[in-house]
Amino acid sequence: MPGATLSRWTMSYFAIACLMLLTAQGLMAAGYGYPAASIGAPETLVVVHVTVIGWLSLLMGGALLQFVPVLVARPLVGGRFAAPALVLLAGGLAALVAGFVALSGSLDLPLFLLPLGGGMLLAGFGLLAGVLAATLRTARPLPLPARFVAAGLVCLLAAVLVGAAFTAGLSGLDESAPLARLLADGVPLHAALGLGGWLSITAVGVSYRLLAMFLLAPETDRRTSRAAWWAMVLAAGLVALCVVLVLFAVSGVDVLFTAALVLSLAAVALYGGDVRHIYRSRKRKQAELNIRATFPAFSALGLSLVLLNIPAVRGGEGVAAAVYLFVFGWLTGLGLAQLFKIVAFLTWLEAYGPILGRMPVPRVQDLVEERHARILFGVYYAACAAAALALLAGAPGMFRGLVALQLLATLALAREFIRTRRLAVVPAALRAPAGMVQPHLFLPLSASRR
Amino acid sequence: MDEDEKAALAQDIRNALRMIIDPEIGQNIVDLGLIYDITVEEGGIARVTMTTTTRGCPASGYLKEAVGNCVWYVPGVEYAEVHMTYEPPWSPDMMTTA
């Protein structure tokens, strides 16, 4: 059945995600949130959640709806819930952000928006995780990349549950002592479960498969990959245990959290070795830009984890720089680099898949312009590294300028994605053969064309 | 239809399939090693066994349909059947060119 596994709503997830990234960068460039406000200030929470939920989680959600079926070679189960999940997530984020704004006192809004947003996000992520988990369930025993995704989904639910509890506490809906303790000491745990557990473990798992696929490298089940999975799962388990210890006021959180960070570093070292192995065993001589533009993201991952493992950095102002590098160097860099490919791939499937074999069609690579994008990725990463240094050096003005530069690079990359969707780069002779239907910019295909 | 004619038709089918590219790699599916077997039986019945580079790839359905369409149009083919398999799974070693 042609295109049976083409995800209908992925491009819509991506479109909202890109808008949220631009929003977050715009807010930071305008001086909203940290470093003008404190790390825990409501303004900073706005920027953080627009980035992590609006950009990274929607990006990951949209990508998983497309690639989990590829990882397990089974069709998506319950794909009809992808759109309601997106509505709940976007609405939940809007309510959450409005709640933070209310908390900041800059607008007179009801604090009830916080738990409302938390509840909607819990429902939206629950629905999304349910669809993906049901798909994974049909393919047991799971291949290793899918096991990373399964672990990431568990972390997602843990992070969202802690976040929803936070909203109950911050709004005054629940003033119990355990929740007060969680609010006081649980923020790093919530962040670790979300950024490390959900986003990073999942990204690592998917990348094992995608790197081998794009580089034409043999897919081997390496012992180091399995060890990386165990180390990451153990680290996430320790963080989850820390949440329980905080709730019940049991000591030992610092030791366990430190152990989780050390395990994460070990896992990343193993992962780095695996990536090197995949790259070296590739049959494709010239790696495409989506792969080359991922290398700085890998470096940012390693460097930020080294920094977070240094107690002086973790406990001081340096933590902001390390987290910035993790979020914008590793996760965002990886996300933008892979979007460059995935948007082209999905657009090709929509436009040219149905007429393949009937007439000459372009390659996926003909839908992108690497020359422009290479420069944009260079500017993005250079500005990102410099922005992290500006945070470390305590230079907020310079930080804002560098974030503005990142924003410009991101805007230009978004323009490249739009040009790909519009088939603007495809050689004229191949662009619009008879029978080809122009894809929508971000709305899904009609059901009859799937 | 003698054996030589069957072999010649199988070769024609193989040549015709070279017009289909794998969209990701940009090479034709024959040289990529995605066509595992072509058999021609009495009466111009053609059976093609093929795979894709990645199991579960969203392009699989399009590739299978393209192969079917292509084979039907080869002169001498009266009936075409395409079978998708992942046994053995494709590996880069199966490519005739890198």
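In this predicted model, A:Ile39 sits in the loop that joins helix H1 (10-29) to helix H2 (42-72) of chain A. Helices here are DSSP runs of type H or I with at least four residues, strands are E runs with at least two, and both are numbered from the N terminus. A:Ile39 is partly exposed, because its relative accessible area is 44%; buried means under 20%, exposed means over 50%, and partly exposed lies in between (1.4 Å probe, protein chains only). Leaving aside residues up to four places away in sequence, A:Ile39 touches A:Tyr34, A:Thr44, A:Val319 and A:Ala320, where a contact means heavy atoms within 4.5 Å. Between A:Ile39 and A:Gly118 there are 79 residues of separation in sequence and 20 Å in space, taken from C-alpha to C-alpha.

The loop between H1 and H2 is also the place of A:Pro35. The peptide bond that leads from A:Tyr34 into A:Pro35 is cis, and its omega is near 5°.

Residues are numbered from 1 along each chain as its sequence is written, while chains are lettered from A and ligands numbered from 1 in the order in which they are written. Local features of the predicted model need pLDDT of at least 70, side-chain atom pairs count only at pLDDT 80 or more, and totals for chains, interfaces and linings use all residues, with side-chain values based on heavy atoms and with hydrogens and water left out.

Further along chain A, helix H7 (residues 187-215) contains A:Ser207. A:Ser207 counts as buried because its relative accessibility is 8%. Its contacts, not counting residues up to four places away in sequence, are A:Ala212 and A:Tyr271. In the loop between H7 and helix H8 (223-247) lies A:Leu216, which has a positive phi of about 55° although it is not a glycine. A:Leu216 is buried, with a relative accessible area of 4%. A:Leu423 likewise has a positive phi, here about 60°, without being a glycine. The loop holding A:Leu423 runs between helix H15 (396-421) and helix H16 (428-431) of chain A, and A:Leu423 is buried at a relative accessible area of 1%.

Helix H9 (residues 253-280) includes A:Arg280. With a relative accessibility of 61%, A:Arg280 counts as exposed. The C-alpha atoms of A:Arg280 and A:Phe328 are 27 Å apart in space, and the two residues are 48 apart in sequence.

Stepping back to the whole of chain A, the secondary structure comes to 16 helices and zero strands. The radius of gyration of chain A is 21 Å, close to the 22 Å that the globule rule gives for 450 residues, so chain A is as compact as a globular protein of that length. This radius is taken over C-alpha atoms, and the rule is 2.2 Å times the number of residues to the power 0.38. Along its principal axes, the C-alpha trace of chain A spans about 70 × 50 × 45 Å. Of the 450 residues in chain A, 56% are buried. Among contacts in chain A with a separation of 6 or more, 79% join residues 24 or more positions apart.

Chain B has two helices and three strands, arranged along the sequence in the pattern α-β-β-α-β. A compact globule of 98 residues would have a radius of gyration near 13 Å, and the 13 Å of chain B agrees with this. The C-alpha atoms of chain B fill a box of roughly 35 × 25 × 25 Å along the principal axes. Buried residues account for 52% of the 98 residues of chain B. In chain B, 62% of the contacts with a separation of 6 or more are between residues 24 or more positions apart.

An unreviewed UniProt entry annotates residues 11-82 of chain B as "domain: MIP18 family-like"; such positions are given in the numbering used here, feature names are shortened, and annotations may be inferred rather than shown by experiment. Over residues 11-82 chain B is 28% helix and 24% strand, and the end C-alpha atoms are 16 Å apart. B:Pro88 lies in the segment after strand E3 (79-84), and the peptide bond from B:Glu87 to B:Pro88 is cis, with omega near 0°.
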